[in-house]
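Here is a friendly walk through one chain, from overall confidence down to single residues. Please keep the viewer open as you read.

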Amino acid sequence: SKATVSVLNCASHNAPMAESPPPPPAEADHESEVAGMLRAMLENRGVLGKMKAQIRACVYKSLDEGSSQKPPLASETLLINELIREYLEYNGYRHTAETLVLESGQPEEKIPRALLSRQVKITDMQPDLPLLYSAVDTAKLVG
């Protein structure tokens, strides 16, 4: 949402943090109270979790910049990661999906859904839902 303004710019992580003197006790209590209210509001709106996920993704990206190329993924891992990414993105876990791609070495380009469905032999019964939902539905029918 537009209310969830990007707090971090991963490219500008070198800016020094300025230290300020501690506030007087009465002001510190007020700041602490305001900070608590703000935290609760951000948690209730789901913004705080998104911010934490974005921070994690930025940390992984920063750590990954200097590392060597990851080894190629096994084809099974590539397919499983793609199923998970589709599920995460569908459910709004965008930053978690980004972290999955960064950590695992999954290619940025997605595997086309029809190809993914054929490769993992999941009948695409619900095209508006991730393939994992069809896999679960099939498992329920068989089991």
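## Confidence and ground rules

The chain has a mean pLDDT of 82, and 82% of its residues reach 70 or more; pLDDT is the predictor's confidence in each residue, from 0 to 100. Over residues 1-9 the pLDDT is below 50, and beyond near neighbours in sequence this stretch has eight contacts in the model. A contact here means heavy atoms within 4.5 Å.

This is a predicted model, in which local features need pLDDT of at least 70 and side-chain atom pairs count only at pLDDT 80 or more, while totals for chains, interfaces and linings use all residues. Residues are numbered from 1 along each chain as its sequence is written, and side-chain values use heavy atoms, with hydrogens and water left out.

## Overall build

The secondary structure comes to six helices and zero strands, so the run of elements from the N terminus reads α-α-α-α-α-α, given that helices (H or I, at least four residues) and strands (E, at least two) are DSSP runs numbered from the N terminus. Among contacts between residues at least 6 apart in sequence, 58% join residues at least 24 apart.

Of the 143 residues in the chain, 20% are buried. Buried means under 20% relative accessible area, exposed over 50%, and partly exposed in between, with a 1.4 Å probe and protein chains only. The chain exposes about 10,600 Å², and carbon and sulfur atoms supply 59% of it; such areas come from the Shrake-Rupley method with a 1.4 Å probe, and for residues only the protein chains shown count as cover.

## Where α3 meets α6

How do two packed helices get described? By the angle between their axes and the distance between the axes. Helix α3 (residues 75-90) and helix α6 (residues 131-142) pack at an angle of about 105°, their axes 8 Å apart. That makes α3 roughly perpendicular to α6. Axes are lines fitted to C-alpha atoms, for helices over the stretch in contact, and angles run from 0 to 180 degrees between N-to-C directions. Angles of 65 to 115 degrees count as roughly perpendicular, under 35 as roughly parallel, over 145 as roughly antiparallel and the rest as oblique.

On the α3 side, L83, I84, E86, Y87 and Y90 meet L131, L132 and Y133 of α6. By class, this contact has seven nonpolar, no polar and one charged residues. Ala, Val, Leu, Ile, Met, Phe, Trp, Tyr, Cys and Pro count as nonpolar, Asp, Glu, Lys and Arg as charged, and the others, Gly among them, as polar.

Y133 sits in helix α6 and counts as partly exposed, at 29% relative accessibility. Leaving aside neighbours within four places in sequence, Y133 is in contact with Y87, Y90 and N91.

Q54 belongs to helix α2 (residues 47-65) and is buried, with a relative accessible area of 15%. Q54 and T96 are 42 residues apart in sequence, yet 8.1 Å apart in space, C-alpha to C-alpha.

In helix α4 (residues 94-104), the buried residues include H95, A97, T99, L100, V101 and S104. G105, with a positive phi near 85°, follows α4.

Most residues other than glycine have a negative phi. K121 is not a glycine, but its phi is positive, about 55°. K121 lies in the loop between α5 (113-120) and α6, and is exposed, with a relative accessible area of 73%.
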